[in-house]
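Welcome! Please take a moment to look over the model before reading on.

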Amino acid sequence: MNNRLMDSLDATIERGRTDLDARMQALAGKLAYAETAYALPVTYAVTGIAVRDADGAREAYGQSGNNLLVACECLMAGESGVASPYTGFIPDAVLRGLGYTLVDGSITGLGLLVGTPESSDAVAAICREMQEKSLLTFLAGGVVEALSGAGVRLGLDYRLVPLGPHSARGIHFADAVARIAMMFGGVQPGDVHSLLRYAAERAKAFVIAFPGLTDEEVAFVDALRILGIPILAAGDGYGGGEWVPVAPADAVRTGMDLRGIRVTVTAIPIPMACSPAFEGKSIRKEEMYVEFGGSRTPAFELLRMRPREEVEDDAVTVVGPDVDDVPEGTALPLAILVDVAGARMKKDYEPVLERRIHNFINYGEGSWHVAQRDLIWVRLSKEAVAKGVKIRDLGTLLAHKFRMEFPDHIDAVQVTLVTDEQKVTEMLVEARETYAARDERIAGMKDEDVGTFYSCTLCQTFAPNHVCVITPERPALCGAITWLDARIAYEITPAGANQPVEKGEVVDAVYGEFAGVNRFVKKASHGEVDRISLYSMVENPMTACGCFECIAAVVPEVNGILIVNRDYTGDTPLGMTFSTLAGTIGGGAQTPGFIGISKNYILSDRFLQAENGITRVVWMPSSLKEELEDRLREKLAGQGMTDLFEKIADEVSAPTIEDLVAFLERVDHPALTMKSLI
């Protein structure tokens, strides 16, 4: 090791420390980030102090032992925000929206790129490799301008997040790690030892530092090592200390090796990049060359199990016009038929595999897919078509991904894409008959009809003690997995996250407590949870990690329950947003009176039956009411409560608790006269 370079880096860090200390002492004014329940998250996680102003910042800074990350965060919160294309601080709702991909393996790790690279092409290649390896990458400093100049698309949709024009804005990378630990990992504010252990062991993160950092920025970047995050020095100037010197071309591989991230990438022979990094993108109308479905044309998707002799492996067929046969802006019909054969393939697997069509098409950098079955909407971008992408390439993408993802169950796969309207319309009849037959298998199935439930511990990657129990009448709280899905997932991957849970003896039928479930949960939660009630939010409610679609919360003033969905950003009558509520119930802890749920569970006969179920619901956002309206009205009519839908308040009729009390009294809501919840 070159001692002179080590001394130089140490001196640079010390000058930066002095600069940060001086600026910290001079800090003045109010400090806050918008749309978070965690105040200044790094500071909150380290000290337990919810900093709101300069005096609180100086107190927390002193209590933290003059922690440079705390200093940097307080200083950044005291400065003005950033403008487009930068994101600045990422709100809780957005970070939670990444929750499922953080825990299901879609995101394999986290990276931060800071400084100013010597070559735009080199950093563009690094970012492309990070996308291909399914890493969520944060950017701060000159690297953002370099990537923009190289024509690289930035934003959360592309998993390349430009935090700010200065490298110190990389503090938002650290506050994301801190919030992930508190949201999903059960780390309590002020428990610095648990934070450091969680960050070192579970947050698979690394930093790539390019030249051009100021002394203050070098000090901040070096402080990230406190969280167990390795710093890779990509370029001249940082060749000493604990930073790892690396050539830019080797930076991603080195960072992944240091954090134990293992990813195998197989190239798909089509003229666009393919990676889960592109799954969250959108293709707007002005960016679209051709689209299919979306209520403009008939479109559907169907995966079918076929005898091996009827499936020509890797065959892709297009019936009807392709993109080079139609002008820009055209809307074409589309049938996506995926035929699979395999010795271990089963008919029950069809709908589970079919849902992956959505994911796989969205992996294409220039392709976009929403919805499922006969409601699909697909687009190809102008940019992709200009690079030579055709409809046929979607078939090639699907064929390769199904073989790659399900090698033990699929021996052969062929894809047929039909864009001829008459043929699509004719084939749609068969598709809808298949959908109906599938629905019939699960429709009407009750919890008492089965002796086995299923677990999901997928989220234990980030919430080590959380266990989700899935029943026929209670889907997973994330909304992504039904009992049938879990059963099939267990058959496909016996050692996976979905395991059978024997119900055992009924302890309490009303609360949904079962001896076998309790035994399983105690073991799977590492002894942290002894009992759960599947149908109650007051007595031993099920835990949550942070991926729930909605939160149900007791409103004691009106003896009722409110439900708020993740998409709603306003305040509830409790005076708390979704993010604030979510901050109290995640991490695998039981929180009586609060519970994470899926949207479909609201429509279940088992929905919080211990608390009188849907008749207790007094408030939900209008957007959620509209989404559930048809099905909810049908359910209420079946229970003889046709007028209850109008008696559920929303943010317009009852924005505050006082308004809610007045509204419920005016409409004579049944919750007001029920047995007290508390």
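What follows is a short walk through some helix contacts and a pocket. Keep in mind that this is a predicted model.

Let's begin with helix H7, which spans residues 120-132, and helix H8, which covers residues 142-149. The two pack with their axes 9 Å apart, at an angle of about 95°. Angles from 65 to 115 degrees count as roughly perpendicular, so H7 is roughly perpendicular to H8. On the H7 side, Ser120, Val123, Ala124 and Cys127 take part, and they meet Val143, Ala146 and Leu147 in H8. Sorted by class, the residues of this contact are six nonpolar and one polar, with no charged ones.

H7 has another partner to look at: helix H12, residues 251-259. Here the axes come within 9 Å and cross at roughly 40°, and H7 and H12 are therefore oblique to each other. Ile126, Glu129 and Met130 in H7 meet Ala251, Val252 and Arg253 in H12. This contact has four nonpolar and two charged residues, and no polar ones.

Now move along to helix H18, residues 483-492. Which of its residues are buried? They are Trp483, Leu484, Asp485, Ala486, Ile488 and Ile492.

Finally, find the second largest pocket, which holds about 360 Å³ of space. Its lining is made up of 19 residues, and Gly185, Gly186, Val187, Pro464 and Asn465 lie nearest the centre. By class, the lining has nine polar, five nonpolar and five charged residues.

Definitions and conventions. Residues are numbered from 1 along each chain as its sequence is written. This is a predicted model: local features need pLDDT of at least 70, side-chain atom pairs count only at pLDDT 80 or more; totals for chains, interfaces and linings use all residues. Side-chain values use heavy atoms; hydrogens and water are left out. Axes are lines fitted to C-alpha atoms, for helices over the stretch in contact, and angles run from 0 to 180 degrees between N-to-C directions. Helices (H or I, at least four residues) and strands (E, at least two) are DSSP runs, numbered from the N terminus. Angles under 35 degrees count as roughly parallel, over 145 as roughly antiparallel, 65 to 115 as roughly perpendicular and the rest as oblique. Contact means heavy atoms within 4.5 Å. Ala, Val, Leu, Ile, Met, Phe, Trp, Tyr, Cys and Pro count as nonpolar, Asp, Glu, Lys and Arg as charged, and the others, Gly among them, as polar. On a 1 Å grid over the protein atoms alone, a cavity is a set of points where a 1.4 Å probe fits but cannot get out, and a pocket is an open set with protein on both sides within 12 Å along at least five of seven lines; lining residues have an atom within 4 Å of a point. Grid points are joined across faces, edges and corners, and a volume is the space filled by probe spheres set on the points. Buried means under 20% relative accessible area, exposed over 50%, partly exposed in between (1.4 Å probe, protein chains only).
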